[in-house]
Each structure stands twice: as structure tokens, then as C-alpha cells.
Amino acid sequence: MESNTGNGKVVCVTGASGFIASWLVKLLLLRGYSVKGTVRDLNDSNKTEHLLKLEGAKERLQLMQANLLEEGSFDSAVEGCDGVFHTASPVSLAVKVDPQVEFIDPAVKGTLNVLKSCVKTSSVKRVVLTSSVAAVFYNAKPRTPEVIVNETWFSDPNICKQNEKWSGYVLSKTLAEEAAWKFAKENNLEIVTINPAAVIGPLLQPTLNATANFVTNLLNGAKTFPNVTFGWINVKDVVNAHIQAFEIPSANGRYILAERVAHFSDVVKILHDLYPTLQLPEKCEDDTLMTMYHISKEKAKTLGIEFIPLEVSLKEMVESLKEKKFVDF
């Protein structure tokens, strides 16, 4: 992963304290980039401490405060940057009160605020946007074993709204990506989107993110496992894809990332093989069978992604959860 491709280049990472973004900052610094990272609150050590400890941070990391809902608040962060990685967006699958306020406004308005700041400075060559398979999957097409989902799929906002469990999140990702492509076209801004499936692997940040929560629940005595089929991808592959999407001149459009598609029953089985003495849930939360499908790797491979196997990703995540004392066994 290490090379000095970033020497002399300055890039901005929004939402720098998040799961993907923290790894992005780490690997950009290792490659010799100077990084301007935005966080919502510079006084929150949970958001800043792990970043300031990264190799190269003293010399080449500058943390800045910015808020997704505040127009112009990213101006100084992106000014003078060669590239911008926009990863800041709420990721949680549970809506507390109001999906519009919690997800959709920060995702859509936030994306447009960052892109508006990028247009104001002539130095930005390309913006890499962290989207999600949530902006791909939810349409009228069936997801069955013979189906291969690829980058030409776009979620339909009306179908997103019908998703009982996660409508706020999937709708926010779909609308944000839609708004980004429209804005980029109208303003002649070069953007590339990365659309990862469920992202797992080791944590740098001191708090649990959405996927770490799923795994932690399985390890901490859950009686059942979710009846959900996800695509799965290692955070290091996701970050590598972001950096390659910035560095490779011909990179364009969208890139879906999934090492494989697996039901939670498969995840439990892998965890059981890795940690045979562990008490893991044996029952699914309900009996309706979830169908399998496939996710294309063809375009992602053009970025040189090698796809860390799910078994390795899960082991890395569990070891990291143990180290951070989220699980104890």
C-alpha cells in the first residue's frame, strides 16, 4: 500500500474521524499526502485523538472544524487542495426521530455544500465521494441467485421509502448521490463515487460504527442473528479504492465494492470456525428466506482492488473489538 504517490499533494478528507475516513487519513499520510481533515467538533477527543497519533500526522495533518449543514463551512478546508474525499455522512441504520433531519438533510445538503466549496477553488482536480450500495440496490429489479448487481443499477427513491428497516439511510445515500451527479454535471466538476457494501475490518476510531455494532452484538450474547444478506468488504480495500479513484486518471463514474455476498448465517458460521469456543446465536430472527445474489467485481478490479477475504476481514474486526474492549472473551 505504501508508496510516495502523494508527495507534495494536498487533499481534504471530510468527516475525518469516521471508520472509513480514519483509514483514509492513515493511508494518505503513509503515501506522503498532506491532509486537511474536517471534524464537527475539534474539542471532541473521540474524534481527533486517534488521528493525531497517526504516522505523519504531526507533519502533514491539519484538522479543521466544519459542519455539513453550514454552507461555506468547507471553503477553507478544500481551498488549495488537489483532491477532496467526501466521506462525511450519517451512517446508522436506525432512525431515532426524524429521518429527514437525521439522515437526508446532512447527506444531501452536506454533499452539495462540500461540492459548492470545491467549485470555488480552481485547484481541486477531482472529488471522490463515499456513496454506498444503498444507492444501487433499491429498485424494482429482482435480486436472485442468477442476478449480478453492477454499477448501472441506481436505487429508486420511491422504493427506498418502502424499506421498513433502513429507509432513512438508504434514501439519504440515494438522494445524496443523485444530487452529486446532477451538480457535478451542471458545474463541470469531476467526481467519482465509491459504493461499498457493508464495510468491516479493524477499527482505528475509539467508537463503534454501524457494522462493528452488528458483529459486536453477535459476540456479546445475541439470541438470534439478523435475517439479512449483505455484500461485505474490508475497510482497507474501500480506502485503497478511494485513493486509486483519485490517482488513476481514467477512473470514472461509480465503483461498487463487495468481496462477497453472504447471509448473516454465513457470518456466524465463519465466526464459529474462527472462535470455536464462542457462544454464538444459532437461530435466525425470522423464517422468511433471504435470497442470494451477486455483486460484480469487474469495474472495481480496474482500480487494482485485490479483495481481502471475508474470513480475514471478520477476524481483523473481532481482534480489533477485543483490543478496544468492546467484546471480552
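Reader: Hi! Which residues line the second largest pocket?

Author: Hello! Its lining is made of Lys165, Trp166, Phe214, Asn217, Leu218, Ala222, Thr224, Phe225, Pro226, Val228 and Glu285. A pocket here is an open set of points on a 1 Å grid over the protein atoms alone, where a 1.4 Å probe fits, with protein on both sides within 12 Å along at least five of seven lines; lining residues have an atom within 4 Å of a point. This is a predicted model, where local features need pLDDT of at least 70, side-chain atom pairs count only at pLDDT 80 or more, and totals for chains, interfaces and linings use all residues. Residues are numbered from 1 along each chain as its sequence is written, and side-chain values use heavy atoms, without hydrogens and water.

Reader: Thanks! Which element gives the most to that lining?

Author: Helix 9, with three residues. Helices (H or I, at least four residues) and strands (E, at least two) are DSSP runs, numbered from the N terminus.

Reader: New topic: what is the strand order in the open sheet of three strands?

Author: The order is 8-10-12, with mixed pairing; two strands pair if DSSP finds at least two bridges between them.

Reader: How many bridges join strand 10 to strand 12?

Author: Four, and the two strands run antiparallel. Gly231 sits opposite Val261 of strand 12.
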